[in-house]
Amino acid sequence: MVKGLLKALPTGSGLGAIAALTVVLFGGWSGAVIGWLLGAGAGFLACGGRRIPNLQAGALQGGKSGAIVGLWILVGNLLGKFVIRPLAGLSSEGIPQILLYGGVGLGVATLAGASLGALQGMNRAHRPVATRLFMALSLLLFPLADQLAQTRWIAASIQIMIFIMLALGLNIVVGFAGLLDLGYAAFFAIGAYTTGLLSSPQLGIQGNFWLVIWAAAAVAALAGTVLGSATLPLRGDYLAIVTLGFGEIIPVVFRNLTNVQLYEPISKLVADFTGNPTLALCLLGCDKPLNLTGGEAGINPIGRPSLPIVGTFQPTNDLPWYYLILTLLVLAYFVINRLRDSRLGRAWTALREDELAASAMGINIVRTKLLAFAMGATFSGFAGSFYAAYISAIFPSVFDFSVSVIILCMVILGGLGNMTGVILGGLIIMGADRLYLPQLAQLLKGILNTSIFPNVASPQWRDFLATTIDPLQMRLFLFGLTLVIMMIVRPEGIIPDSVHRAELHHAENEPPADAGRTV
Amino acid sequence: MNSPSSLKGLSPRSAFFVALATVSAGVLAAACQPNTTQAPTTTGGSPASSPAAAGNTVKIVSSLPMTGSSLGQTQTIVNGIKQVLEESNYGACTGKLKIEYEMMDDATAAAGKWDPAQVTSNANRAVSDPNVVAVIGTFNSGAAKLAIPILNTANVVMVSPANTYPGLTKPGKGEGKEPDVYYPNGIRNYARVVPADDLQGAAGANWAKTLGIKRVYILDDQELYGKGIADIFKSTAKNLGIEVLGHEGIDSKASDYKALMTKIKALNPDLIYFGGITQNNAGQLVKDMRNVGMTNDRVKFMGPDGIFEQALIDAAGKDAEGVMATFGGVPGSQLTGTGKTWYENYKKKYNAEPEAYAAYGYEAAQVVVQAINKVCKNDRAAIRDAVMATKDFEGVLGKWSFDANGDTTLSTMSGNVVKSSKYEFSQLLKAQ
Amino acid sequence: MKRWQSSLLYLGVAYLILLIGPLAGLDIPRIIGDIARSPDVLVQQILVGLVNGAIIAIIALGYTLVYGIIELINFAHGDLYMLGAFASLTVVGALGVQDGAPLQSSLLPMLAALVVASVFCAGVNMLTERYAYRPLRNAPRLAPLISAIGVSFIFINTGLFWGGLRAFFPIMGANAAAPKSFPDLLPRIDLLKQFGIQSNIAFTTKDLIVLVVAVVLMVSLHLFVQYTRLGKAMRATAQNRDAARMMGINVDLIIALTFLLGGALAGAAGLLVGLYNNTVVFTMGFTAGLRAFTAAVLGGIGNIIGAMLGGVLIGVLSALSDQYLSSRWTNAWVFAVLVIILAFRPGGLLGEKLQEKV
């Protein structure tokens, strides 16, 4: 048994360390929740892609990896109880309670690992279906587990999923088609503002969310096409800078469209120079300038979706939102997955690898590029629409350059072009930003205050520690460090896009006529 | 060695069952756990894990942007809050109640400033923690629009040390159905210790009038607070007969404003009013104004409480001389009684002159603690009502009450001018 | 595209600008009137824009240098320049120079600040290259970009901590996050008045110094890259790393030296901006970096003279937009012009010279 566990150590330990960190940071029943998720992950890593003869062997192997994660959780619990929490001056529960937390974590992780391992022991045909079912079940039950374990991760997980959706959309542009887009947040903004305008008192239109979300996606796609056509002749970093410019312009536009009054320009010029204002042809906002976007105050409140049984979604209840974004995300995943394998998807790959060769093969470069921008924008439109409804308000300051950069980080960190990778990238970056780093900073602050501060005598250094090295302000530092370390550990991304490259090489052996028809 | 059945004396199958057995035990334990958490035997508890021991612990949460550019102000607010809690020794009702404090960050590293999704999530987290009875925040009025309705349905009171957007509380001052849209259950749960824009902007314009200002150019930092206060200043100034030469929003991230100031100089104003906060480059504005030759004897610079802090003087250096700032209360050095003690304690503790937002933060926390002391139990609705009913409160801003809307009745404001690198009290101001 | 088609396209774009422009302050009759009324304001604004552009250009040089050699958009460069400004402020503060001190007593501290800031930034940049970018040299092209973004965040936070060092350097002021005042040390003599020309136009020695420094830096960098042995090695490395290695060039060393040079430039730029704008704040690097990066691309990235041209164009454009359009819309106007220019010149203003490299 021990030897078996030792062998499973490497697969379980990376995840186990994360699990232990989680337990130390969040305490309580978080070990059980994270144990389930990461135990399953460890089980999958131990068995996935290998030949597992039968259910039992899979369960054993997966269970061992899961148990490693579980042991880490136990260790994390004890570490938290005896070392970290005292250092940070936090109270903690009694030893039996801690052992219970750890024990349950261990059990749950083992069970999760074993069940996922067992599923890998099924025959080839059923294996992927079973794995997906397991994942689906875990995702469906996550809110329940969150509720039981009192971890309160559900709000963060909604935000994480919004960003994963954005990352999947950007992945089409950057990962599939190889067009570096530094202004992706603009489409997010366009989707959100379209929703805001079509279902708020701003223009007096109260559209139904289920229709408005399609309108938002369509408008975003249109904007994507416009941007795409403006950038057709550009390559590489010149393209990047124009998309960046687009991303800078859009928030300014939304911030300042508070006094809209349009005149037909030629008649206006004539009117101005002849000094006869009646000649100017008014197009929009003639009686009174139109307040389109509400300026800094934004648009508020925005209508929320409602369903027959659930009723109108409330901001205080995250459950319906969770399932809505989950559904959107799963749909997006399947659509993008199909797109990638379609003719269009292959055309994107060809475009990414060599624009000239692709065009020589008869691929319509213009159409392919425009479709990449449009499809990428569409999904961001969906995300924007959901976001607007979820927050039920929209402000121009939300959509600036840093959002584009973060989404790009997810895509590249995860592995350009690889959808699973991109999802993981989104999970890691947003998880770090929304859940782990704030908690870590609080903990460090506690340690500083109770364990280090009292031992510093010099007033200069005390002042320095109290005002300068404030862990609560180290968030950006930790975030940057996470990015750098992740990149150095996995320069190719978490899951490099090997499939795509293989596909391309595979295509080389096929008659080129296939590519020629891809127009 | 490499086969999975290397466990000696244990066949794969029996090992599997052993594993399963442990697991079932674990699952059983997991199934039982909700009962254990609610058992009153658990003591203390981490912030995230156990909501146990309800009854003798109450928790105050602050939701402020602690990452990014507003940090300067929010730090001082937190200083103010902590000072209150330390003075009351993190307890209330002569030790019967323990007060915990958690500082939530409504900004994210990714966004670099307040993030609407984070605001909602913080509010929901506060609601779901049964110990939380009050939220101190938010810093940005936009954030308040999102947080108030969520807290409202859960009867959690929110006291803001910084929101000034009138529509949050005052009927008829905002747009559409404001402010009622923010209070879905019909009971007000939001109060603020700062005077709203419509008071401070007007007070600023009145002050300008008494100083004999004739031509003003108005700038704002393109944020809700700054733009709102600048708009009020503009309309009041027009009513008072001051000529408004223009009103523009600045790019708060620009490295300098020489071009803008050159343009303004050509228009020959005798006052530049800036609606905004220090962090949005107010210091650079002052510097560039002097750089292009608008000296203090010819053109004055005025701003709201967002620039009433030492940080502005630190930023503008010698050019800060003569900068004028309005403040929704009496400045620390002018205080008597409670205020004076606070002023001296703060200076001693933080080694810095207490600033506008420190006073507001202190006052907000004081109001909450005072309400907890009245109610003496973990009862959200009762504490909310106690906060909203605050009357004749003697705090560091003066003596004031909350009116029916949750606005401070304090209408005495002060005008302050920078003299030899310090804000000095100049005169009392009235909004009307 | 046939000729009439493209002219139709131009006309269409022009019409659109005239249609939408007024929303963003483009009121042509008013602008013509303003310029006719006081042409000196136009000249003054162009001068202001020129000097601001020179500052952008100096930062852009660092971008272009690094990009030219390893095709990395070094996002952290703007924040490195911010650290340079903090280093200079620290030195100036530690040496006890007062605001408005005469040149005799402030010259040496300024030189000291220049040396410290340059050496500091050069060192930091080299270390960053060694530990954050070099491990990624054979990774996909965009991987170092993310690393650079991470480094940029780390620098920003470092700047914040640095700003809180009031316990050791009183010049940092009470509040860590607040902007710091940089002592005004450069002489401010109005040149036109000095030469007896009476006008509303102000052009001081301070502006002149910035322009001169920018031009000197640009020319010497250009000469260095074109004619010195090291410069040639840099160009060889930029063209083909493997071939350069085969020719006996120590590629790692050359890249490290490029970062060293870029860092030193950032340090110098930090001091210069501190002295010119007289404010230092931890968030100043990100926007400045964005502007500088834009300038570098606009001019044709990798091209030193192009970076200068791009910087000046952006500077003048912003100044004119602040004056005649609306400062609310300046950012949008600057980027709109950028988009239009790149749509017609896809390789940047001076980009053709680089075509052979592709």
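How many helices and strands are there in chain A? Select chain A to begin: 20 helices and six strands run through it, where helices (H or I, at least four residues) and strands (E, at least two) are DSSP runs numbered from the N terminus. This is a predicted model, in which local features need pLDDT of at least 70 and side-chain atom pairs count only at pLDDT 80 or more, while totals for chains, interfaces and linings use all residues. Residues are numbered from 1 along each chain as its sequence is written, and chains are lettered from A and ligands numbered from 1 in the order in which they are written.

With chain A still selected, its radius of gyration, taken over C-alpha atoms, is 26 Å, close to the 24 Å that the globule rule gives for 519 residues, so chain A is as compact as a globular protein of that length; the rule is 2.2 Å times the number of residues to the power 0.38. The C-alpha trace of chain A spans about 90 × 70 × 55 Å along its principal axes. Of the 519 residues in chain A, 58% are buried, that is, with 20 or more other C-beta atoms, placed from the backbone, within 10 Å of their own.

Next, show chain C beside chain A. The contact between them takes 45 residues from chain A and 50 residues from chain C, two residues being in contact if their C-beta atoms, placed from the backbone, lie within 7 Å. On the side of chain A that touches chain C, H9(A) gives the most, with ten residues.

Now move to chain B and select strand S9, residues 271-275. Five of its five residues are buried, so S9(B) is largely enclosed by the rest of the structure. In a regular strand the side chains alternate between the two faces of the sheet. On one side of S9(B) lie B:Leu271, B:Tyr273 and B:Gly275, and on the other B:Ile272 and B:Phe274, all of them buried.

Strand S7 (residues 215-220) of chain B pairs with S9(B) in the parallel sense over five bridges, and B:Tyr217 stands opposite B:Ile272. Strand S10 (residues 300-303) of chain B also pairs with S9(B) in the parallel sense, over three bridges, with B:Met302 in S10(B) as the bridge partner of B:Tyr273. Finally, follow the chain from S9(B) through helix H8 (residues 282-291) of chain B to S10(B), a β-α-β crossover that is right-handed: with the strands pointing away from the viewer, the path from the first strand over the helix to the second runs clockwise.

Methods: A residue is buried if 20 or more other C-beta atoms lie within 10 Å of its own, exposed if 12 or fewer, and partly exposed in between; C-beta atoms are placed from the backbone. Two strands pair if DSSP finds at least two bridges between them.
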